[in-house]
Amino acid sequence: MQTAKNLTLETKEIIRDSNAKITKKTALKLSRLDAKQQKEAAALLATGKIRSVDEYKTAKSDEANSQKNTVQTNTAHKDTVQTDNAHTLECTHSETEKEPGLPESEGTTPSSLPYKLEGKQFSTLKESIADLKDPDKDCRCTPDSFLAEFDAFVRKFQKEMEWYNTPYYEAVYPLLTQPQRIYLEQQMEFIHQLIDQFHSQIEEKKAEERKPVP
């Protein structure tokens, strides 16, 4: 009675037209699924891709766990990015010395940074934002503030690149198709071009300053 009552019409048609043997016990288990899952499981049984409803339920459970892990991983990534953004804002406007974005192997230490920001020290991000909203604040860019902002940008970029070296993404590398690899190389080349253009712009401005005044 439960099978006759709960099996959907589509599921009954799949079972009737199937060449595979679907027992009453299997039909009963199908009837306990929702309409969408009934149709999906019945189709897989009919084509021989699964041998039982239990196998289907196990696969769906694994799929749900995988999606849950993906959501948790993406959420962790989002939280990391938000934390980094908040840290970047505080680093840029707190006017205190922070650790450098360059690796220690480059010989750069906090005491040897080529810039120094002096003035207010903010204990929270809220205080820093309130200071930014001050209409009387002198917001002119200086060499020190410029380097501090660029240093924060480098730190953020470095952390983003470290994220792509985690097993979550590394598992995808071998699966990239040739067109996808070419596209990825183009994107990385674009980043290189932006860096080269930025460097050229700095050198051009430097050369202009050296030109003698007529």
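**Exercise 1.** How do the axes of helix α2 and helix α4 cross, and within what distance do they come?

*Solution.* The model is predicted: local features need pLDDT of at least 70, side-chain atom pairs count only at pLDDT 80 or more, and totals for chains, interfaces and linings use all residues. Residues are numbered from 1 along each chain as its sequence is written, and side-chain values use heavy atoms, without hydrogens and water.

Step 1. Find α2 (residues 9-17) and α4 (residues 35-46). Helices are DSSP runs (H or I, at least four residues), numbered from the N terminus.

Step 2. Compare the axes, which are lines fitted to C-alpha atoms over the stretch in contact, with angles from 0 to 180 degrees between N-to-C directions. They come within 9 Å and cross at roughly 5°.

Step 3. So α2 is roughly parallel to α4 (angles under 35 degrees).

Step 4. List the contact (heavy atoms within 4.5 Å). α2 brings E10, T11 and I14; α4 brings Q38, K39, A42, A43 and A46.

**Exercise 2.** Is S31 buried or exposed?

*Solution.* Step 1. Locate S31 in helix α3 (residues 24-31).

Step 1. Its relative accessibility is 5%, so S31 counts as buried (under 20% relative accessible area; exposed is over 50%, partly exposed in between; 1.4 Å probe, protein chains only).

Step 2. Check its surroundings. The S31 side chain reaches the backbone oxygen of L28 at 2.5 Å. Beyond neighbours within four places in sequence, S31 is in contact with Q2, T3, N6, L7 and Q38.

**Exercise 3.** Which residues beyond its sequence neighbours within four places does L33 contact?

*Solution.* The contacts of L33 are then Q38, A41, V53, Y56 and K57.

Note on methods. Helices (H or I, at least four residues) and strands (E, at least two) are DSSP runs, numbered from the N terminus. Angles under 35 degrees count as roughly parallel, over 145 as roughly antiparallel, 65 to 115 as roughly perpendicular and the rest as oblique. A polar contact is a pair of N or O atoms within 3.5 Å; within protein, one must be able to donate a hydrogen and the other to accept it, and residues adjacent in sequence count only if both atoms are side-chain atoms.
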